[in-house]
Structures are given as C-alpha cells and as structure tokens.
Amino acid sequence: MYVIFIILGTLLFAIFAVGSYTFFAACRQTKRRNWLDPEELKGTDREKLYPYISHAHNWFSTHEVEDIYVQSRDGLQLYARWVPAENPRGTILLAHGYQSTPYIDFSLVLDVYHNLGMNMLIPDQRCHGKSEGKYITFGVKEWRDMTCWVDYHNKHLGNWPVILSGLSMGASTVMYMADEALPANVRGMIADCGFTSPYDIIGKVFRAVTHLPAWPFLWATDLCARVFAGFSLKEKDTRKTLQGGKYPIILAHGLSDDFVPCEMSREAYNACTSPKELLLVEGAGHGYSFLKDRERYTQTVTAFLQRNLEE
C-alpha cells in the first residue's frame with residue numbers, strides 16, 4: 001500500500017509539474033521582441049516575413065497615425081494605433097495573434113482596408129507590444145479589452161459602423177464576442193484562422209510536442225490559469241458563442257494550416273447561427289490565406305463590407 005501511495009504521489013507531482021510548465025510557457029510573455037529588427041527575427045518562424053513587416057512599418061510612417069490608450073476592465077493600460085481614412089465608410093478594429101504584432105499580422109491588408117475607406121483601430125493585445133499585462137489569456141480576457149476599444153471609438157473617435165477583425169488568437173478573440181450585446185454600430189466580424197478554445201489549441205500543441213495525451217496535464221494547466229491569471233482554458237469556445245451569434249461573420253482559414261487545424265474553423269462555421277461565410281484557401285498555411293489568394297480574399301471582404309456597412 002505504501003508503494004502504491006508513492007507511485008500515485010509521484011505521478012500526480014509529474015502531472016502537475018508538466019501542466020504548470022505548460023501554463024507558464026504558453027501564457028507568460030517572457031520577452032517582448034522588436035519585430036522590426038531583422039536580428040530579432042533570425043531563427044524564428046517570422047524571419048521570412050521581414051519584407052512584409054518592413055512594408056507595414058513604412059506604411060505606418062507615411063500615414064497619419066495617432067497613439068491612443070485605454071484602461072482595461074482589470075486595470076491594465078492598453079495601447080492602439082488610430083489610422084483615419086480620408087472619406088471613411090466605417091472603422092475596422094484589428095486584433096492580432098498570439099506572440100505577434102500588427103506589423104506582422106496585418107502587414108499587407110493595411111492598404112486594402114485604407115483603400116476601401118476604412119478607418120483602422122489597431123491595438124496591441126494585452127501582454128504584447130506597448131500594452132500592459134503579465135499573462136496571455138488566449139482571447140478570454142482579450143475579448144473584453146476589445147469592448148473597451150469599441151467604447152473608446154464610439155465616445156472619442158466617431159459613430160462610424162464598426163467591423164471586428166482578427167487573425168489567429170485575434171480571430172478567436174473576436175469570435176468570443178459573437179453572442180455579446182455589443183453597441184448597435186458593430187456590424188460584423190472577420191475571423192481568420194481562429195481556434196475553438198484555449199483548451200483545444202494548447203492541447204493540440206501539447207500532443208504534437210510531447211506525443212502524450214493532453215487531458216491529465218491540461219487539468220493542472222487549467223488550475224494554474226485559474227490561480228495565476230484568473231481565467232479558465234474552457235471558459236470560452238467559439239462553437240458556443242457562435243451558436244448565439246448576433247453578427248454576420250466571415251470565417252477564413254488556410255487548408256494547409258498545420259498550427260491551428262482548419263477543422264476548427266469548420267466546426268465554428270457549422271455551429272454559427274448568424275449570417276456566415278466560409279473562406280477556405282488551398283495551399284495556405286497559418287495566417288497566409290491573404291498572401292496565397294489576395295484577389296479572392298479581397299473580393300470576399302469587399303463584398304462583406306458592402307453588405308454590412310450600408311445598412
């Protein structure tokens with residue numbers, strides 16, 4: 001009996017140790033990279049994106065950009081760029097992805113939205129860039145931050161119709177808002193390669209890296225998330241929020257995405273009860289749908305804006 005207790009105790013300790021390591025590795029921002037520095041990009045999966053990142057930096061430097069700040073609902077100072085259009089039809093609020101930046105995720109769509117007459121409100125997500133925060137919460141707290149930006153927009157920037165758009169974690173952030181009663185000028189959503197829930201995507205990456213079943217370890221990961229960061233990995237799920245969806249939405253995904261499985265967007269689409277469109281791009285990896293098929297992507301977004309901004 002004593003041996004059994006030792007074995008069980010050792011097993012429980014191992015599960016908790018691996019689970020807690022997973023939480024801190026996934027949710028804590030340990031180093032904020034300067035993605036505009038080519039040296040920072042070396043050896044990362046973003047190295048090949050430098051020409052696009054440089055393009056975005058140059059784009060911002062040649063357009064009118066205002067730095068703005070809001071306070072999150074839990075007391076963090078959040079930062080965003082405001083880029084007004086000359087003759088605005090509306091505003092697009094852009095949420096970037098995990099461990100990323102607007103310079104990476106929206107490097108080539110800036111021209112598209114600007115030419116379509118869209119103001120752009122482009123935050124640094126909490127715990128990224130110039131926004132405060134200790135933990136990344138995979139959209140669970142980030143969606144509330146987005147409501148702060150919508151409120152700020154409506155109070156201080158104008159009463160234009162608003163489209164919410166996000167890439168990867170930013171897409172999930174947007175989809176977690178789908179069943180919320182947002183201000184009346186929020187007209188629609190664009191979600192590109194989003195995951196269904198924090199639990200699902202962390203579990204998927206865990207299994208790919210360790211080749212172990214995720215569920216016993218994610219129990220400890222979820223416990224750490226609750227204790228240290230005040231959220232649960234199962235707190236939000238796009239399949240549930242879109243079931244009560246109130247807003248038209250485009251769900252885009254690359255069919256060759258090996259990070260966030262395309263099936264996650266398919267599941268979200270199947271669950272969605274609001275007007276919806278599924279844009280699947282052959283041969284596109286994670287976040288590369290626009291780069292792979294610019295013409296179709298632009299046509300889809302242009303038609304979506306036309307339908308939903310003119311109401």
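How do the residues of the lining of the second largest cavity divide into nonpolar, polar and charged? The first legend below answers this, after a note on the model.

The model is predicted: local features need pLDDT of at least 70, side-chain atom pairs count only at pLDDT 80 or more, and totals for chains, interfaces and linings use all residues. Residues are numbered from 1 along each chain as its sequence is written, and side-chain values use heavy atoms, with hydrogens and water left out.

**Figure 1. The second largest cavity and its lining.** The lining of the second largest cavity divides into six nonpolar residues, one polar and no charged. In this division Ala, Val, Leu, Ile, Met, Phe, Trp, Tyr, Cys and Pro count as nonpolar, Asp, Glu, Lys and Arg as charged, and the others, Gly among them, as polar. The lining residues are Val109, Val112, Tyr113, Phe290, Tyr297, Thr298 and Val301. A cavity is a set of points, on a 1 Å grid over the protein atoms alone, where a 1.4 Å probe fits but cannot get out; lining residues have an atom within 4 Å of a point. Grid points are joined across faces, edges and corners, and a volume is the space filled by probe spheres set on the points.

**Figure 2. The largest cavity.** The structure holds two cavities of 30 Å³ or more, and the largest contains about 40 Å³ of space. Leu78, Pro123, Asp124, Gln125, Arg126, Asp145, Met146 and Trp149 form its lining. Four of the lining residues are nonpolar, one is polar and three are charged. Helix α6 (residues 142-157) gives the largest share, three residues. Helices (H or I, at least four residues) and strands (E, at least two) are DSSP runs, numbered from the N terminus.

**Figure 3. Helix α13 and its buried side.** Helix α13 has 16 residues and reaches 22 Å from its first C-alpha to its last, close to the 22 Å expected at 1.5 Å a residue. The expected span of a helix is 1.5 Å times one less than its number of residues. Tyr297, Thr300, Val301, Phe304, Leu305, Asn308 and Leu309 are the buried residues of α13. These residues lie on the same side of α13 because they cover an arc of only 135° around the axis; the arc is that of the directions from the helix axis to the C-beta atoms. Buried means under 20% relative accessible area, exposed over 50%, and partly exposed in between (1.4 Å probe, protein chains only).

**Figure 4. Aromatic pairs.** The structure holds 13 aromatic pairs. Phe60 and Tyr103 form an edge-to-face pair, because their ring centres are 5.4 Å apart and their planes stand at 80°. This pair links distant parts of the chain, with Phe60 in helix α3 (residues 50-61) and Tyr103 in helix α4 (residues 102-105), 43 residues apart. Both Phe60 and Tyr103 are buried. Elsewhere, ring pairs join Phe23, Phe24, Tyr135 and Phe228 into a cluster. Rings of Phe, Tyr and Trp (its six-membered ring) pair if their centres lie within 6.5 Å; planes under 30 degrees apart count as stacked, over 60 as edge-to-face and the rest as tilted.

**Figure 5. Helix α9 and the residue that follows.** The 15 residues of helix α9 (residues 215-229) should span 21 Å at 1.5 Å a residue, and the 20 Å between its end C-alpha atoms agrees with this. The buried residues of α9 include Pro216, Phe217, Leu218, Ala220 and Thr221. Gly230 follows α9 and has a positive phi, near 70°.

**Figure 6. Two residues other than glycine with positive phi.** Most residues other than glycine have a negative phi. Phe138, although not a glycine, has a positive phi of about 55°. Phe138 lies in the loop between β4 (118-123) and α6, and counts as buried because its relative accessibility is 6%. His211 also has a positive phi, near 60°. His211 is found in the loop between α8 (198-210) and α9, and its relative accessibility of 68% is why it counts as exposed.

**Figure 7. Buried residues in two strands.** Ile92 lies in strand β3 (residues 90-95) and is buried, with a relative accessible area of 0%. Ile92 and Val150 are 58 residues apart in sequence, and their C-alpha atoms are 10 Å apart in space. Arg187, in strand β6 (residues 186-192), is buried with a relative accessible area of 18%.

How values were computed:
On a 1 Å grid over the protein atoms alone, a cavity is a set of points where a 1.4 Å probe fits but cannot get out, and a pocket is an open set with protein on both sides within 12 Å along at least five of seven lines; lining residues have an atom within 4 Å of a point.
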